[in-house]
Amino acid sequence: AAQWADVDNDGDLDILQGGNGETLTLQINAGLGRFTTKPIPSVSALNIVNIDLDKDGDVDLAIAHSFCSDLLCGHGCPEANCAGGGWPKQFNLFLNDGNGTFSNVTAARGFPHNFGTNLIVGMVAGDVDHDGDFDLLMINGIQRGITLARNNGSGFFTMSLIPFAVAMAPIRPISSGFSQGMNLGDIDDDGDLDLVCALDRDTAGSPHPRVAHAVFINDGAGNFVEETATRFTVAGTGFYSGGNGKLMDVDYDGDLDFFAFKGDTRHFQVYLNDGTGRFTYSAGDSRLFGGSTATGTGADNDVTDLNRDGSYDVWIGAAGQDVRTLINTHQSPDGLPANLPRHFKVLGSDTNGVTLSWQHPPYADVARWYKVYRSAAPGLAPTDRRVLKRVGISRHQDEGFAAPLTRFTSTAYLNDLDVILTGPNNEVQFIDRTALPGVTYYYTVAHVGTENIESVPTAELAAGSLSVAGSGPDLTPPELEIVSPSRQDWSAYARIVLNYADGGSGINPASLRVSFDRALGDPAAGGRAAGAEISDLFFRQDDHAYIAALTPPLSFQNNVLVTITAVIADYAGNSRTREGQFFVTTLSPEPPTANLGSSITDGLAPLTVEFNGGGSTDSDGKIVRWEWYFGDGSTALGRTATKTFAGGGSFPVTLLVRDTQGGVGTDLRTVTVTELRILKVSVADSSFTLSFSTAMGRKYVLERTPTLSPAAWTELATLSGNGSASSFTPTDAGGTVQFYRIRLE
C-alpha cells in the first residue's frame, strides 16, 4: 500500500508505504524529489486511509493489514485460530502531532486492541452522518459485513455493523487486502455520502445475478442499506466482479460513475450513473485486456490526470504486466480545462478587504477543495505566490477520504468566517481580510480534486483593499515576504523570491537589500563574500517583487546553515526586515544540461510562444524542476510552458533546470516581439489605405505633417489595438505632399 499525505503541514506531499508483513515506512518530502525515511515499527499495511480524527487540521491515519477476508485465506494458515502463525492481522489508528510524528491511539479511540483480527480488507473515511466529524467504514471479514465506526466529534469511535443483503458463510470471498475498492460519494444527488464497493463476491454471496459489487445507500444520518439488487443494470449472462474500483465522473455529466477491475481476468468494467444512483454497465467503455490470467494478486486501478489536460484519466496495473493507461478525451464545451474553477471574479473591495468569487467545476468528484494564491506582483508561477487560503472541509481528502465541497455544503457546515457558500449557484466566496489598505494584489484560484490533482490556476485578477480616508502620515512599514528559499530548500544554488507591497507612500525599489550570511563561491573568482549585497543579480526587480536564481560560480558550501536577510523600505522611510533559514545538504557532482526549445522566436504582438525543456538532460541523476524566466518579470514552472508576450520588445527567456542532487543548468533564447508593422499601403487614384498590425491594449495615434523640417504633426485618428490588423484611409490625402506616421501610446 502507498498513500500520499502532507503529514508535516509544509505544503508538499509525503508518502507512506507498507506491504504484506513489511514494516510501514514514512518518507518525508524534503523538496525537489528528495525524501528522508522514517520507519514505523511493528505495523504492516495493505490499506492506508487519511482521516482527521480530531478536526485539528492535521492528517491522521487509519491503517489495516489482512491478506483477505475469508477465514483460511485471511489467516494464512489451515487452523481457524492460526496457532501456527500466519499473516499479520492488524488495525491501527495513528494521531499526528502536526509535524509528522504519530502516536498509536487505537485503544484510546474506542477500538479493541485485537480489532485487526476481524480481517479488515478495505477502508474509507468521510462524514457519513453529517455531524461535522469524520467516520470510518471498513469491510469486516470475520463479522461478514461493513463496520461503521462513528466519530463522536473528539476522535472517539463507536461501532456498528452494516450487513450485506445476502449473508455469507465464513469461507465465501468478499475482497482481498491487496484491493482498493471502498468508495464514498454522493451517487444519488441528495447531499450525503453513499458507499460503493468493488468486491470479489461470488454468485452465492451477491443479491444481484450479474454483479458482485455493492451499493449501500445512506439515509443522510449514516444509516446504510445495501440496494445492489436494484442499482445495477447489466446485459448478457456474465457475472462481473473485481476488488479494485473507484468512483469518478467518467462522462463529465455531473454525477459519479463507477469503474472496477478484475485482476485475474483483466476485465476493466465501467458503470455509468443515470444521475439517480443507478448504474448501467457500458460495454463500449469497458475493456477486456489480454495476458496471463494466473493471479489477480497485486492488481490495482486508480484515477489521475496523466496528461495534465484537466480531465481524469485511469491507470490499471495487473501482476506480471505493464501498467496500462486510459486517457480521457473529454473536452469541456467552453474550451476550458474541466477541473478549472469557473467564473472567477472580484465581487468587491472595501476597507474590510477583498471579496473573491468562483464556481465549482461542472462535474462531480469525491474530493474537492481550493487553493487561493496571492502575490503583490503580477505574472508569477503559483509556487512564487503565497498560498493565502485553503478553502475546503479538509485539505487531506483524497479518493479514500471523501470530504468534497458540493452545492449541498452550507456555510454553517464549513464553519469558516472568511468563506460563504451559495449552493444553488455552485458558488464559493472568499474574503481576504489580510489585504493591506491601498495595496493592489494579484489573485488566482486552483481546484484540488481526487489524488491531490491540482488544476492550473485561473487567470489572475487584480484587486486591493481601500484606504481609510484621513488616516494621517504613513507610519506603516511595507509588507515583505520571503517566498523562497524556505526551510525546505537544501540546494547550494538557492532560488530567491521576494514579494513586497506598501499601501502608503509606495515601495522604494532602490532600498532593496538582499544578502546571505555565507559566502557564495570564491569572491576572487566571481563569487560573493558572506554578507555581500546581491540585489544586483536578478531576473526581476521592481516595486512588486525580486526574483533571482543562483548559478555557478555562486554557490554555498555543503552542510551549512544559511540565513537570508531581506530589507525593503517605502518612500516615507519605513522599512521592513525579514530573515529565513535553510540547510544546504547536497552538492551535485555533475550539473544538468538545459535545452530550451521554442515554437517561434519572433513575431507580432500579442505573440504566444510554446516553450519546451524536455530536451534537457542529466548524466548522473534526473531533472526534477524546470524554471522559466521570460524576461518581462513573469515566471513559470514545468517541463513545458506557454507564454503570451502582449507588448513589443526583445525578451531574454531563460530556462533553468535542477537535478535530484541540487545541480543547475541554464539555457537562453531571445524572443523578439514587434508591436507595429506596416503590412500594406494601397494607393488608388488620389487616396491611399494604410494597413498595419496592432497589439492588444495599445493605442495607435495616426498623425501627419506637410513638412518634416519643421514638423507640425496633426492628429488624424486614434485606434485601439485588438491583436489583429487595422487600416486607415485619409479622407483628404490628395492635392499636396503629406508625411504620415503612427505613434504608440
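The side chain of Asp659 comes to 2.7 Å from the backbone nitrogen of Gly663. A polar atom of that side chain also lies 3.0 Å from the backbone nitrogen of Gly662. A polar contact here is a pair of N or O atoms within 3.5 Å; within protein, one must be able to donate a hydrogen and the other to accept it, and residues adjacent in sequence count only if both atoms are side-chain atoms.

Before I go on: this is a predicted model, where local features need pLDDT of at least 70, side-chain atom pairs count only at pLDDT 80 or more, and totals for chains, interfaces and linings use all residues. Residues are numbered from 1 along each chain as its sequence is written, and side-chain values use heavy atoms, with hydrogens and water left out.

Asp659 belongs to strand β48, residues 649-659; strands are DSSP runs of E, at least two residues, numbered from the N terminus. Asp659 is buried, meaning under 20% relative accessible area with a 1.4 Å probe, protein chains only. What about a salt bridge? Asp659 has none, and the nearest side chain of opposite charge, Arg34, is 8.1 Å away. The cut-off is a side-chain nitrogen of Lys or Arg within 4 Å of a carboxyl oxygen of Asp or Glu. Residues that Asp659 touches include Trp490, Asp618 and Lys622, with contact meaning heavy atoms within 4.5 Å.

Now the sheet. Four strands form an open sheet in the order β5-β6-β7-β8, with antiparallel pairing. β5 (47-51) and β8 (102-104) are the edge strands. Pairing requires at least two DSSP bridges; β6 (residues 60-65) and β7 (residues 90-96) are joined by five. Opposite Ala64 stands Phe91 in β7.

Note on methods: Buried means under 20% relative accessible area, exposed over 50%, partly exposed in between (1.4 Å probe, protein chains only). Lys and Arg count as positive and Asp and Glu as negative; His and the chain ends are not counted. Lists of a residue's contacts leave out its neighbours within four places in sequence.
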